[in-house]
Amino acid sequence: MADDSYSEPLVPSSPPSPTKGLANGHTEVPNGSIDEDDDRRDDLSDDDKALERRLRLKVDLRLCTIAGGVISSASVTSMITDLDLTGNRYSISIFIFTIASIAFQLPSTIAVRTFGPRVWFPIITFSFGLITMCTAFVTTWKQMIALRVLLGMVMSGVYPGLTVLISAWYPRKEQQVRFAFLQSGQVIILATGGIVNFGLNRLNGRGGLKGWQFMFLVQGLITCVIGCATYWWIVEFPENAHKSFHFLTPEEQKLAVSRIQRDRKDVEAEPFTWPAVLRHAGDIRVYAFALLYFLLNLVSTSLSYFLPIILQSGMGFSSDKAILLSAPPYYYAVIPVLLSSVVGDRYNTRRPIIAFNSLCLILGFCLLGFADNTTARYIGVYLATGAYISNWAALSAYQANNVAGQWKRAFTAATVTAFNGAGGIAGSYIVRQKEAPRYATAVWISIGSHLMILGVVGLFTMGFYVANRRQRAGKVVLEGREGFRYTY
């Protein structure tokens, strides 16, 4: 279903270039997507290029808001026995968080667009920190699960909201690197949090508190502080950038708006109505993107939540060493996610990056599941972790590049994040302790899911290729925007 809404540009876009024979002066690149404004950049003065670089730098610095969690590290301390999280109760605590998050995904994403990032993100970030601190004082597994429901509710808008905000500020050709920045920040915090948790776990017994209680207290307090700072640090959408605290000059805001208008003509959202949002539920491509996220998160959830358990039960490391050894694969992952994203944006391509990452993950899980040497299995963890984090950035750019219209963007971001959560539910059950140390079910499902990702991306490629050819022939207007073509 095409999004036929259209907002008049706040700044007139560049006129079409008759010499190119394509709408909006776009030029075709080899992979079938489009190079939106390289020709325009060739005509810019040095002052204009400097202004554009300054704008990108300012936006980059202000959109580095990241959230982190502590439950994966807490799982290998005494929390499981202290709260009687035996049997399936630990998995249920993960399951119930995800269900709550899925239920509030779309309303919370709409709230980001309706109330603005400066209002909504501080509220949900501070609330997340406060509830995390309260988790330190639960005494039963039922209380833990109740707080997990609340955590899922407030966390639901973070990832889809940030996806909508990032995609609103950058032309499509610049988005994957920015999603890589977002993901890199998250994994650095996650990895560093693991090391901090190692130290906090050694405070076990101090002040009458367990090690896992210190984890939730300290990281919850940090999140509350970040939530307060977010009010001044986070930025509004481009058309409302003047409402941000000490951000852009009028000239820079004008440039920011014109860049998006030139790229896809959807700076401003039409007035909110539920029909304006829900009409996009009929677009099959939204669910195909969502399926990719589901398949990816089968792996990411099993690694992020159960990596410490794999290291402890499957590889024989102690509780403290399991926490420490969970960190290096995440630090390593920053390298492939940034490199692959730079390549993807430089050549305006997504399909080869997703395919390469998927093959690396398959190799990593082969080592993790079939190698006899512990070192080889740990290397497999590095490969798998780097690949799935890289594919998170690639898939985020893939879906954001191929939808237009603010409410369709919000609906798609909420839907793919909900399916991402559904993959998390399934992923929380595929690592079975009775299968240690090989975890055959997790290994085979992870390999199979990424073979399916390759298949879905292949189908997308064929569909996008045909649609772009029809657009170039003047037979169809894609996404309700003149000159829009799919990126693959």
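Start with helix H16, residues 328–346. At 1.5 Å a residue, its 19 residues should span 27 Å, and its end C-alpha atoms are 28 Å apart, which agrees. The expected span is 1.5 Å times one less than the number of residues. Helices (H or I, at least four residues) and strands (E, at least two) are DSSP runs, numbered from the N terminus.

This is a predicted model: local features need pLDDT of at least 70, side-chain atom pairs count only at pLDDT 80 or more, and totals for chains, interfaces and linings use all residues. Residues are numbered from 1 along each chain as its sequence is written, and side-chain values use heavy atoms, with hydrogens and water left out.

Stay with H16 a moment. Its buried residues include Pro329, Tyr330, Ala333 and Val334. Pro336, Val337, Ser340, Ser341, Gly344 and Asp345 are also among them. Buried means under 20% relative accessible area, exposed means over 50%, and partly exposed lies in between (1.4 Å probe, protein chains only). After H16 comes Asn348, with a positive phi near 50 degrees.

Now step back to the whole chain. It holds 20 helices and two strands. Of its 488 residues, 58% are buried. The chain exposes about 19000 Å², and carbon and sulfur atoms supply 66% of that area. Accessible areas come from the Shrake-Rupley method with a 1.4 Å probe; for residues, only the protein chains shown count as cover.

Contacts tell another part of the story. A contact means heavy atoms within 4.5 Å. Take the contacts in the chain with a separation of 6 or more: residues 24 or more positions apart account for 81% of them.

Thr114 sits in helix H6. Thr114 and Ala269 are 155 residues apart in sequence, yet their C-alpha atoms are 9.7 Å apart. Thr114 is partly exposed, because its relative accessible area is 44%. Met452 sits in helix H20. Met452 and Ser358 are 94 residues apart along the chain, and their C-alpha atoms are separated by 9.7 Å. Met452 is partly exposed, because its relative accessible area is 46%.

Next, look at helix H7, residues 117–135. Its 19 residues reach 26 Å from first C-alpha to last, close to the 27 Å expected at 1.5 Å a residue. Its buried residues include Phe121, Ile124, Phe128 and Ile131. What covers the buried residues of H7? The cover includes helix H6 (105–115), helix H8 (141–155), helix H9 (158–169) and helix H11 (211–233).

Then comes the largest nonpolar core, with 105 residues. A nonpolar core is a set of buried Ala, Val, Leu, Ile, Met, Phe, Trp, Tyr and Cys residues joined through side-chain atoms within 4.5 Å. Leu63, Trp169, Leu292, Phe365, Tyr388 and Tyr398 touch the most other members. Helix H18 (residues 374–401) gives this core its largest share, 13 residues.

Glu479 lies in the segment after helix H20 (440–472). Glu479 counts as buried because its relative accessibility is 1%. Its side chain makes a polar contact with the side chain of Arg285, at 3.3 Å. A polar contact is a pair of N or O atoms within 3.5 Å; within protein, one must be able to donate a hydrogen and the other to accept it, and residues adjacent in sequence count only if both atoms are side-chain atoms.

Finally, the cysteines. How many disulfides does a search of the whole structure find? It finds zero. A disulfide is a pair of cysteine sulfur atoms within 2.5 Å. The sulfur of Cys228 has its closest cysteine sulfur in Cys224, 7.0 Å away, so the two are too far apart for a bond. Cys228 is partly exposed, with a relative accessible area of 42%.
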